[in-house]
Amino acid sequence: MPGSAPTSVAEAVGVQEVLRPLVDLVGPGPTAPATVAGLDVAYAQSGDLLAAAVTVLDARTLAVVDSAVSVGRPAFGYVPGLFAFRELPALLAALDRLTTRPDLLVCDGHGLAHPRRFGLACHLGVVTGLPAIGVGKTPLVGEWDPPPVRRGAWSPLRDAGEVVGRVLRTQDGVKPVFVSVGHRMSLDNATAQVLALAPRYRLPETTRTADRLCRDALARVEEQAGRPGA
């Protein structure tokens, strides 16, 4: 993260305002990436410890080819719309430990679909320079109509009259996910990549593998500390 970490909500919002104009919302981004990274964070129940995981998948086979974890303390308070500041330092540390530089980042969170149009996927994309998209399990902002029940169907996610993402059905009849552009990607391409990464389940394989990795890492740390479930 450029400069020192913010120490207040006002400072954090100021950082978002400064970095937001650097976001590339046009792309089009890689249409056939060789490797795609999933990023996710797990928190201890106490909230004083987190594990950030990055898994790099072969985009063709969806096999994990590289991974890294960083365990530490949340770097910022629990403030909706500012979660990136809690998680970014640990995620960047995990990214630094990779031996493979991914062609695309898929974040468990949001990009443009954010109150200030600068969610975690935007922040990570700008800081790393890598194409990035956000795939949220639940919405942070916006209104939408339910998309048709078939896989691949979508409806626009709108906030204050602006299209900020898509509500995408990744499997027949399951709850949709919320896709938004992070950096150096078009919304069409982001949608296509998420569908390619979710051939069998609701969530893309990038998110599923990163989720398992960060949860396992957190459990190991808590067990070693003698306070499971803390």
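Modeller: β1 and β2 run antiparallel and are joined by nine bridges, where strands, like helices, are DSSP runs numbered from the N terminus (E, at least two residues, for strands; H or I, at least four, for helices). Within this pairing, G38 has T55 of β2 as its bridge partner. The model is a predicted one, in which local features need pLDDT of at least 70 and side-chain atom pairs count only at pLDDT 80 or more, while totals for chains, interfaces and linings use all residues. Residues are numbered from 1 along each chain as its sequence is written, and side-chain values use heavy atoms, with hydrogens and water left out.

The two strands belong to an open sheet of eight strands with mixed pairing, in the order β3-β2-β1-β4-β5-β8-β7-β6; two strands count as paired if DSSP finds at least two bridges between them. Because β3 (64-72) and β6 (154-159) each have a single partner strand, they stand at the edges, and one side of each is left without a neighbour in the sheet. On average, neighbouring strands of this sheet are turned by 25° against each other, direction ignored.

Two helices lie across these strands. Helix α5 (residues 205-224) lies across β1, β2, β3 and β4, running at about 145° to β2, whereas helix α4 (residues 187-197) lies across β1, β4, β5 (132-136), β7 (162-168) and β8 (177-183), at about 15° to β7. For such angles, axes are lines fitted to C-alpha atoms, for helices over the stretch in contact (heavy atoms within 4.5 Å), and the angles run from 0 to 180 degrees between N-to-C directions.

Buried means under 20% relative accessible area, exposed over 50%, and partly exposed in between (1.4 Å probe, protein chains only). This core has 23 residues, and L39, V54 and L95 are among those with the most contacts inside it. L95 touches L39, V54, L105, L124 and T128, not counting residues up to four places away in sequence. A second, separate core has 18 residues, including L168, V177, M185 and L203.

How values were computed:
A nonpolar core is a set of buried Ala, Val, Leu, Ile, Met, Phe, Trp, Tyr and Cys residues joined through side-chain atoms within 4.5 Å.
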